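We will walk from one stop to the next, and at each one you can pick out the residues as they are named.

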Amino acid sequence: MITTLPGLYLVSVGIAKPAAWLFGWPGGIACSTAMLRFINLLFSVGNFYLLYLLLSKMHPKNKAVSGFQNILSTLTLAVFPTLYFFTFLYYTDPGSVFFTLFSYLMCLCGNHKTSALLGFCGFMFRQTNIVWTIFCAGNVVAEKLNEAWKTELLKKKDEKISSMKGSFSDLIRILQFLIEYLISPQNLITLIALTWPYIILVVVFFAFVFINGGIVVGDKSSHEACLHFPQLFYFLSFTLFFSFPHLLTPTKIRKFLLTLRKYPVQYSLIAVISLFLIWKFTYVHKYLLADNRHYTFYVWRKVFQRHELVKYMLVPVYIFAGWSFADTLKSKSVFWILVYFVCLFAVTVPQKLLEFRYFILPYLIYRLNIPFPSLYRQLLELAFYIFVNVTTFYLFLNKTFQWPNSEEVQRFMW
């Protein structure tokens, strides 16, 4: 029934065995529940430090941000509820996040061989982490494309680089530039020379998929890939919920309404496409309907199963969430945004099961890359995360229940 590669177990043996030898512990202690959970506590400490280093690396010139705010943002992301809860259990998420963030940091520092090696470790924790290895390679490519694009604009004496995020004609110009750049053998050789460690890892991944007969090990029947486009909508709603201090503000709502008024045809088309994708590509996994220990079970039952039309009525929320999400990333280059959205699509859409843990890494990478919010919004976000964590831990510890066909104690969790 275990569907992931044994990365967590290999690390556990690598820590528990030497610790048992060093301290003279018997096997019962070295492989106890407490010791195994302690492995994830170590990953949690590592994640805190990596988040701090990533924030410092991404926002070095922001003099308006104090050291206190940097640490506050780090603390907020470290206690992000969906990740923080599994810090205290024996799950793959803390280790998966640790190696992926470490790989991302090494990529930003230009250590691409180390980044690819760490990406392989992340892949050993969860196979879908190969997408974030591709994201690291995409960062390198996006940086080169952005440099070439700026040079192109300077040649044409058009320094309004921000215009590349504007009208449809600007989009066509970017696509033409992208095609011209990528069909040049010299440019391709340059990009391959920069990203070859990641390319090797991707080749290894495809070899694994071919030999294994799919990306999933273990129970393949319960994790079949499909085109589940509404997963993007669920992720955007998830992000809107957990980043509401940044995304759901009166200013943003006003700006969104003005944008709707300015581009009614475009947003009507987006709405129609969204309705079609929900109609034709909504899937409901058997685990979602059967396992009442998780938030997703209650979200589906209390919201989506209220009425057949509810899933369509949420389209305006999805469109606002998507617009607000994209608006917070406008400081990034168009090529970085393209790479991120391709990876977001690849990591969410093929999943049939609605599972909030699948959203942890795309959410953290998004949250790391948006501009620093005000101190008030950071404090509000932290307070909200603490409230959600306290509530979830209380339910897990105190509101146990039993299934009719089992004597085991069941606990409510993420």
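Start by selecting H3 and helix H6 (residues 93-108), which pack at an angle of about 30 degrees with their axes 9 Å apart. Axes here are lines fitted to C-alpha atoms, for helices over the stretch in contact, and angles run from 0 to 180 degrees between N-to-C directions. Helices are DSSP runs of H or I with at least four residues, numbered from the N terminus.

This is a predicted model, in which local features need pLDDT of at least 70 and side-chain atom pairs count only at pLDDT 80 or more, while totals for chains, interfaces and linings use all residues. Residues are numbered from 1 along each chain as its sequence is written, and side-chain values use heavy atoms, with hydrogens and water left out.

Stay with this pair and look along the crossing of H3 and H6, which is left-handed (the near helix is turned anticlockwise from the far one by less than a right angle; clockwise would be right-handed). Now show side chains: on the H3 side, the residues in contact include Phe43, Leu50, Leu54 and Met58, and on the H6 side they include Val97, Phe98, Leu101 and Leu105. Contact means heavy atoms within 4.5 Å. By class, this contact has 15 nonpolar, four polar and one charged residues. Ala, Val, Leu, Ile, Met, Phe, Trp, Tyr, Cys and Pro count as nonpolar, Asp, Glu, Lys and Arg as charged, and the others, Gly among them, as polar.

Next, select Asn40, which sits in helix H3. Is Asn40 buried or exposed? Asn40 is at 0% relative accessibility and counts as buried (under 20% relative accessible area; exposed is over 50%, partly exposed in between, with a 1.4 Å probe and protein chains only). Leaving out residues up to four places away in sequence, Asn40 touches Leu8, Phe86, Thr87, Leu89, Tyr90, Tyr91, Pro94 and Gly95.

Helix H1 (residues 7-23) and helix H3 (residues 33-58) pack at an angle of about 105 degrees, with their axes 10 Å apart. H1 is therefore roughly perpendicular to H3. Leu8, Val11 and Ile15 are among the H1 residues that meet H3, where the partners include Met35, Ile39 and Asn40. The H1 contact with H3 has ten nonpolar, two polar and no charged residues.

Move on to helix H4 (residues 67-78) and helix H21 (residues 375-398), whose angle is about 25 degrees and whose axes are 10 Å apart. The crossing of H4 and H21 is left-handed.

Now find Leu329, in the loop between helix H18 (315-328) and helix H19 (334-348). Leu329 is buried, at 0% relative accessible area, and its contacts beyond four places in sequence include Trp336, Tyr340, Phe341 and Tyr366.

Finish with the cysteines. How many disulfides does a search of the whole structure find? The search finds zero, a disulfide being a pair of cysteine sulfur atoms within 2.5 Å. The sulfur of Cys107 is 4.5 Å from the closest cysteine sulfur, in Cys136, too far for a bond. For Cys226, the nearest cysteine sulfur, that of Cys343, is 19 Å away.

Terms used. Helix = DSSP H or I, 4+ residues; strand = E, 2+ residues; numbered from the N terminus. Parallel < 35°, antiparallel > 145°, perpendicular 65-115°, else oblique.
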